[in-house]
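Morning, everyone. I have one model to walk through today. Please look at the screen.

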Amino acid sequence: MEKVLRNFFLYLANHQRLNQLAKKHGLRFGGRRFVAGETLAEGIDVIKALNRQGMMATLDHLGEFVDSEEEANAMAEHCIEAIESIAKEKVDANLSLKLTSMGLDIAYDLCLHNMERILEVARKYRLFVRIDMEDYAHLENTFAIFHDLRERYDNFGLVIQAYLYRSVDDVKALAEWKTNLRLVKGAYKESPEVAFPDKKDVDENYKKIIQLQLESGNYAAVATHDENMIAFTKRLVKERDIPLDRFEFQMLYGIRPELQKQLVREGYRVRIYVPYGNDWFGYNMRRLAERPANVAFVLKGIVKR
Ligand code: FDA
């Protein structure tokens, strides 16, 4: 049943018409549980509150389907505005973005150019930019953009998804570029040809890539709400004497807030992924796919209206 619901929500997440409708009607149906608000100012307010609790943030302007050059350029402008706002408000945050929002599906060079604009401004403010990893269909081009930019910029990093068979090799290859990696289990619907279908295999592979990245000496962002994976990381850094400033835990806004605070109390670096904007539908559907029990929150949101 869990698998059926997961596939259903991932199908909804990818439904262009529903995404457009949701965008038009604003943030509702319990959407605020996972999204800071519709505006940049609301995102910054949430970050200020997180900073007061000892947590860092990564700010994400939501954008699912971008299909014109104008839209991609506007998304890049939003990112630049977000960077300037982070600097002006002096909040402890960096930026996360998706390459499809920067125009990857429209033209490779458009996306590359938008990334150059963003990384230039980020560099001016000494700010780090994280390129989120999307579905497998975009993986090769994401790596290509990475290599095109890496010689000129060092203020950005990638995400590696443990559900992909190739992820161990990718972590090894990216170590040569001293890449700062966020490590996740993976949130999209993928074919068994490219991704482990069973959760237990994903978890085992996740441990492998955490260990590889931490032992490479490159910065690791262990992005999970799974207490077993967090315990594994804590044990490993203790055994290997890895300093606390070589890695951080990351979690999504609105998920396991008590665990987030507990890690801060224990002295770990914790960063929260804070999405904002009106294009919230696909993001929220992926959160439901991860844990169909979240549907209860959505239903409450509908009933409250
Ligand atoms: P798992 O799914 O095994 O969950 C472990 C436990 O965490 C659950 O039992 C539950 O208690 C809790 N939990 C997990 N998800 C929950 C939810 N939605 N609601 C409530 N509780 C939940 N993916 C990707 O493909 N590309 C990317 O770029 C990113 N980026 C990213 C950034 C950050 C900061 C995080 C934390 C995650 C991502 N992800 C991602 C998503 C990631 O791939 C994965 O889908 C989710 O983190 C869920 O997996 P967990 O590791 O939490 O474990």
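**A helix residue to start with**

Glu-77 is partly exposed, because 14 other C-beta atoms lie within 10 Å. To be buried, a residue needs 20 or more, and to be exposed, 12 or fewer. Bear in mind that this is a predicted model. Where does Glu-77 lie? Glu-77 belongs to helix α4, residues 69–89. Now look across to Asn-114. Glu-77 and Asn-114 are 37 residues apart along the chain, and their C-alpha atoms are separated by 8.7 Å.

Next, the barrel. Eight strands form a closed barrel, and the pairing is parallel. The order runs β1-β2-β3-β4-β5-β6-β7-β8. From one strand to the next, the twist averages 30°.

Let's take two of those pairs. Strand β1 covers residues 56–61 and strand β2 covers residues 93–97. The two run parallel, joined by four bridges. Find Leu-59, and opposite it you will see Leu-95 in β2.

The other pair is β6 with β7. Strand β6 is residues 220–223, and it pairs with β7 in the parallel sense over four bridges. Ala-220 has Phe-247 in β7 as its bridge partner. How many residues of strand β7 are buried? Five of the six, so β7, residues 247–252, is largely enclosed by the rest of the structure. And a reminder for anyone reading strands: in a regular strand the side chains alternate between the two faces of the sheet.

Now the annotated positions. UniProt, in an unreviewed entry, gives the feature "binding site" at Lys-98, Arg-286 and Arg-287. I'll take two of them.

Lys-98 first. Lys-98 is in the loop between β2 and α5, the latter being 108–124. Is Lys-98 buried or exposed? Buried, because 20 other C-beta atoms lie within 10 Å. Setting aside residues up to four places away in sequence, Lys-98 touches Gly-63, Asp-132 and Glu-134.

Then Arg-286. This one sits in helix α11. Arg-286 also counts as buried, because it has 20 C-beta neighbours inside 10 Å. What does Arg-286 contact, beyond its neighbours within four places in sequence? Leu-10, Ala-13 and Ala-187.

Leu-10 and Ala-13 bring us to helix α1, where both take part in the contact with α11. Helix α1 is residues 2–13, and helix α11 is residues 281–290. Their axes are 8 Å apart, at an angle of about 175°. An angle over 145 degrees counts as roughly antiparallel, so α1 is roughly antiparallel to α11. On the α1 side, the contact uses Arg-6, Phe-9, Leu-10, Leu-12 and Ala-13. On the α11 side are Gly-282, Met-285, Arg-286, Leu-288 and Ala-289. By class, that contact has seven nonpolar, one polar and two charged residues.

One more helix pair, and then I'm done. Helix α7, residues 167–175, packs with helix α8, residues 199–216. The angle is about 10°, and the axes are 9 Å apart. Angles under 35 degrees count as roughly parallel, so α7 is roughly parallel to α8. From α7 come Ser-167, Val-168, Val-171, Lys-172 and Ala-175. They meet Asn-205, Lys-208, Ile-209, Leu-212, Gln-213 and Ser-216 in α8. Here the residues divide into five nonpolar, four polar and two charged.

Notes:
Residues numbered from 1 in each chain as written. Predicted model: local features only at pLDDT ≥ 70, side-chain atom pairs only at ≥ 80, totals over all residues. Axes fitted to C-alpha atoms, helices over the stretch in contact; angles between N-to-C directions. Parallel < 35°, antiparallel > 145°, perpendicular 65-115°, else oblique. Contact = placed C-beta atoms within 7 Å. Nonpolar A, V, L, I, M, F, W, Y, C, P; charged D, E, K, R; others polar. Pairing = 2+ DSSP bridges. UniProt positions renumbered as here; feature names shortened; annotations may be inferred.
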